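Please follow this walk through the model with the coordinates open beside the text.

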Amino acid sequence: MDVFKTRRGYDARVWHIDEQSFTQATGRDRPYRQMTMGGVSYYAFCPACDNPIQMIGLFRPQEESKGRRPYARHTGTPVEGLGGFDEDAYVGCPYANPRHRRTRGRRREHSRLGSELIRMMASGFDLVVAAWERSTGIHLSESSAGHALTRWRDDEAWRDYGSSYLNLPQMLLYSAPAQNLVKHYIVKGSELCERLGALDRIRLEPTRSDRYVQVMPVGGYVRLLYVLTAHTYEQEGDTVGEHYRLRVALDRKPAFEPLRVDVDPFWHDRPARRDDRLLDLASRILRPVMDDNGKQDR
C-alpha cells in the first residue's frame with residue numbers, strides 16, 4: 001500500500017508514504033521506529049483496517065524494494081507499542097493479500113472495526129454525504145440521506161467485509177435497491193450530468209443553486225433508475241484502486257454505459273461545509289446501535 005496513518009480509529013489522518021510525510025507524522029520516534037533483528041524497522045497503521053503495517057524502503061533501499069517507491073505491508077503479527085493484529089479486520093481490507101481478502105460475508109457482531117465505522121458514520125455523516133456527491137454527481141436531500149442511513153443501519157452494513165473507513169460514502173448506498181433519479185439534483189459538469197443531458201426523455205432544469213440542475217421528465221412519467229454495483233479492486237504497483245459502477249436504466253434498459261465511481265481514501269479530510277442538520281439526523285437514526293456500541297470486542 002502507499003498510504004498510512006499513525007493511530008487507530010475513524011478520525012485518524014491518512015498520509016501518503018514518503019520520507020517527509022512519515023517524519024512529519026511520527027517524528028521518526030518509537031513506537032514507529034524500532035530496532036529489530038534486521039536493523040531499524042518503521043511501522044504505522046493501515047488506513048483501512050487499523051492493523052500494524054511495516055514500511056519497506058522508506059529511508060534506505062531494501063533488497064525487495066529496489067526500483068520501487070517506498071510502500072507498506074501488513075505485519076500479520078502484533079507490534080510492540082502499536083498493539084495486536086485483528087485477523088477479522090484484515091481479511092476485509094482492500095490492502096490485504098488478494099488471496100486472503102474477503103469481499104463477501106459478515107464480520108462478527110461487535111467487532112472493533114465495525115463499531116468504529118458506526119462512530120465514523122455518526123460523527124461525519126455530513127462528510128459522507130458530501131463525498132458521495134463528489135464521487136457520483138448525485139445530491140442527496142436530507143430525506144434521501146435519512147432513508148439511506150436507516151437502510152444502512154437496518155442492514156448492519158458495517159459488518160460487511162467489503163466495508164472500510166475508505167469506502168463508507170459508497171457503502172452508504174451500495175446495498176440499496178434501484179432508485180429513481182427523476183427530481184433529483186445533479187452536480188453541474190459531472191460526468192453523470194453530461195450523460196443525462198443527452199437523453200431524450202428527460203430535461204435538466206436550472207435550480208436556485210449554481211451548483212445543481214434538476215432531473216425532470218419529458219412527456220409524462222419516466223422511470224430512470226440508478227444503482228451502485230460491481231465493487232472491485234485494482235492494483236497498480238503499490239497503489240490499490242477501489243471502484244464501483246453506477247448503472248442507470250431508462251425503462252429497464254441501460255441508459256448509457258455504467259459510470260466508474262472511484263473511492264477517495266482521503267475523503268474524510270477534504271474541505272467541506274459542515275451540516276448540523278445531517279449530523280442531528282444521523283444521531284437520531286444511529287442512536288440504537290450507538291447505545292449498543294459498548295459491547296464491541298477490544
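In this predicted model, helix α8 covers residues 276-291, and its 16 residues, at 1.5 Å a residue, should span 22 Å; the C-alpha atoms at its ends lie 21 Å apart, which agrees with that expectation.

In soluble globular proteins, nonpolar side chains tend to be buried together. Here the largest nonpolar core comprises 90 residues, and those with the most contacts inside it are M55, F125, W152, L172, L196 and L224. If neighbours within four places in sequence are set aside, L224 is in contact with Q179, N180, L181, V182, L196, L199, I202, V215, V248, A249 and L250.

A sheet remains to be described. Four strands form an open sheet in the order β3-β4-β5-β6, with antiparallel pairing. Because β3 (33-36) and β6 (71-74) stand at the edges and each has a single partner strand, one side of each is left without a neighbour in the sheet. On average, and with direction ignored, neighbouring strands of this sheet are turned by 40 degrees against each other. Within the sheet, β4 (residues 39-45) and β5 (residues 52-56) pair in the antiparallel sense over three bridges, and Y43 stands opposite Q54 in β5.

Terms used:
Residues numbered from 1 in each chain as written. Predicted model: local features only at pLDDT ≥ 70, side-chain atom pairs only at ≥ 80, totals over all residues. Heavy atoms only, no water. Core = buried A, V, L, I, M, F, W, Y, C linked by side-chain atoms within 4.5 Å. Buried < 20%, exposed > 50% of the residue type's maximum accessible area, 1.4 Å probe, protein only. Contact = heavy atoms within 4.5 Å. Pairing = 2+ DSSP bridges. Helix = DSSP H or I, 4+ residues; strand = E, 2+ residues; numbered from the N terminus. Axes fitted to C-alpha atoms, helices over the stretch in contact; angles between N-to-C directions. Expected span 1.5 Å × (residues − 1).
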